[in-house]
Amino acid sequence: MKKTIKVHTKLNIYVLYVVSIILIYFLPRFKVTLPYVLVGMWMLIFLIPSYKCNMKSRNFIYILLASSIYIFIADIFIADVSIIDSLNEFIRNIRFYIPLLFLIFFMKNPNKHYIKQIIIAFIGINGYILYKTYSALIKDQWITRVLAKSKMLDTPELRNLRLQNVGGFEFSYMIGVVTICLTWTTFKAKNKKIKICSGIMALITYLYIIKTMYTTLLLLTTFGIMLVILFNLKHPVTKIAVVAGFIMMFTLLPAVFLRLSEIFSESLLSAKFIQMHDALTGGGVNALGTRSIHLENAFEIWMKNPIFGGFAKDTKSHSFIMSILEKNGLIGFLIFVSLIIRAKNIVCWYLKNNKTSVILFYIVLVYMLLLSFLNPIGYIFEITITVFFIVPLWAYLIDNT
C-alpha cells in the first residue's frame, strides 16, 4: 500500500513538472519574463530522473550528449562560433530532444489517469493562447507575422502583446500539429461526443491557420490532413479514388493556386498563391520569393565545405536543415538524421508495445521534417514537445480508451 502511494506521489510530481514545462515553453508571457538560463536549466534537470528511468533513456542520453559535444567543439574550432554561442547551441540540441525522455518516462508503465491530465492541461493552455491570438487577429490580421520578429527586436507594443499571451509563429506552427491530431481524433475516437468536439475544434484551428496567413503552415497542415483522411479510409476502392483525386489535384495545382489567390484576395495569402502559380507555370523557383533565394544561397555556401561546414556567421537560409549543413556540414546533418531516426524508433517501440497505432506519429513527424527544411525551427521547442511527447500520448489515449 505504501509503495503504491509513493508511486502515485512521484507521478503526480512529474505530471506537475511536465505541465510547468508546457506553461513555461508555450505561454508567450513567460518567454519574455523568465530568464533564459532558468528556463533552460528547468528542462535540463529532467536528465537526472531520465538517466535513472531505464536503459533506453540512458542510451539515448549518451548518444545525445556525445553528438552535442561534437557540435560544441565543431562550432568553436570549425565554424568559428564564440564559446557562449557554442554553449547555447550545445544546450539547445539537448533541449530539442528532451521531450522524448518525457515520453519514455510516462510510457514505461503508462497510466491513463496521469496521461489524461497532461493532455487536458496541454489543450487548456493552448486553447487559452489560441483565444488570445484569435482575438488579436480580428483586430489586426498581421499580428502573428509581426510577432515572428526576434524578441531582441521587441518594441513596447510587441512586448505588451507577448505579455498578453498572444502567440506568434512558434505557436501557429505547433497548432498545425494539433489540427492534424484533432482531425485524427475525429476519425478514431470511440466516444461520439469526443468525435464531434474534435471535429469542431479541428475546424476552428484550421480557420485560425488561414487567418494567420502563413502559406507554408496552411499547405503543410492541409497535406497532413489529407494523409489522415487517406489512412482512415477502409475500403480499397475508396482509397484508390482518393489517391487518384490527390494526383489529379496535383496536376491542376496552378489552377488551384490561382483560384485560392482569388478566394484570399486582399491578404498576403493571395500574393503567396500567385507566386506558387507563377513558379509552376514557367517562373521557376525564383518566382517563390526570397525563401527560395535564401535556400539556394545556403546550398552554395554549404558546398564550399560540404563535409564539415564552417559557415555560421550571418546565415540567412531560413531553414533549420540548411543552417545545419552550412554550420556543421554533412557530419552535422548525419547527426541530426541519426537522432531523429533514434527518436522515431523509440516512440514507435513504445506505441507498438502498448497496442497503439504509429500512423499519427509518422504523419506529424513528416510535418516536422518538412517544416525543418522550410523554417528555422531549432529553437521552437513547442514543436518537439508536441511531436515527441504530446502526440504519442494522444495516440495512446485514442487507441486505449
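Which residue caps the N-terminal end of H7?

1. **Helix H7 and its cap.** Asparagine 111 does the capping. One of its side-chain oxygens lies 3.0 Å from the backbone nitrogen of histidine 113. Note that this is a predicted model. Helix H7 covers residues 112-139, 28 residues in total. At 1.5 Å a residue, H7 should span 40 Å. The C-alpha atoms at its ends are 40 Å apart, so expectation and model agree.

2. **Salt bridges, overall.** How many salt bridges does the structure hold? The count is five. As background, side chains of opposite charge can pair when their charged atoms come close.

3. **Lysine 327 with aspartate 75.** These two side chains form a salt bridge, with the closest N and O atoms 2.9 Å apart. Lysine 327 sits in helix H17 (residues 320-353), whereas aspartate 75 sits in helix H5 (residues 55-77), so the pair ties together parts that are 252 residues apart in sequence. Are the two partners buried or exposed? Lysine 327 has a relative accessible area of 14%, and it is buried. Aspartate 75 is buried too, at 1%. The cut-off for buried is under 20% relative accessible area.

4. **Glutamate 89 with arginine 92.** This salt bridge has an N to O distance of 3.1 Å. Both residues belong to helix H6 (residues 83-107), three residues apart, and so about one helical turn separates them. An α-helix has 3.6 residues a turn, so residues three or four places apart point the same way. Glutamate 89 counts as buried at 14% relative accessibility. Arginine 92 also counts as buried, at 3%.

5. **Joining the pairs.** Lysine 327 forms a salt bridge with glutamate 89 as well, the closest N and O atoms being 3.9 Å apart. The cut-off is 4 Å. Here lysine 327 of helix H17 meets glutamate 89 of helix H6, so the contact ties together parts 238 residues apart in sequence. Which residues end up in one network? Shared partners join Asp75, Glu89, Arg92 and Lys327.

6. **The cavity.** There is one cavity of 30 Å³ or more. The largest cavity holds about 60 Å³ of space. Its lining has 11 residues, and Pro28, Lys31, Arg162, Gly168 and Glu170 lie nearest its centre. Helix H2 (28-33) and helix H10 (169-188) each supply at least two lining residues. What is the make-up of this lining? It has four nonpolar, two polar and five charged residues.

7. **The second largest pocket.** About 470 Å³ of space lies in this pocket. It is lined by 17 residues, with Ile119, Thr185, Ile194, Leu397 and Ile398 closest to its centre. Which elements give two or more residues to the lining? They are H7, H10, helix H11 (192-212) and helix H19 (381-399). The lining divides into 11 nonpolar, four polar and two charged residues.

Terms used: Residues numbered from 1 in each chain as written. Predicted model: local features only at pLDDT ≥ 70, side-chain atom pairs only at ≥ 80, totals over all residues. Heavy atoms only, no water. Helix = DSSP H or I, 4+ residues; strand = E, 2+ residues; numbered from the N terminus. Buried < 20%, exposed > 50% of the residue type's maximum accessible area, 1.4 Å probe, protein only. 1 Å grid on protein atoms, 1.4 Å probe; cavity = no way out; pocket = protein on both sides within 12 Å on 5 of 7 lines; lining within 4 Å. Points joined across faces, edges and corners; volume = space filled by probe spheres on them. Nonpolar A, V, L, I, M, F, W, Y, C, P; charged D, E, K, R; others polar. Expected span 1.5 Å × (residues − 1). Polar contact = N/O pair within 3.5 Å; in protein donor to acceptor, adjacent residues only side chain to side chain.
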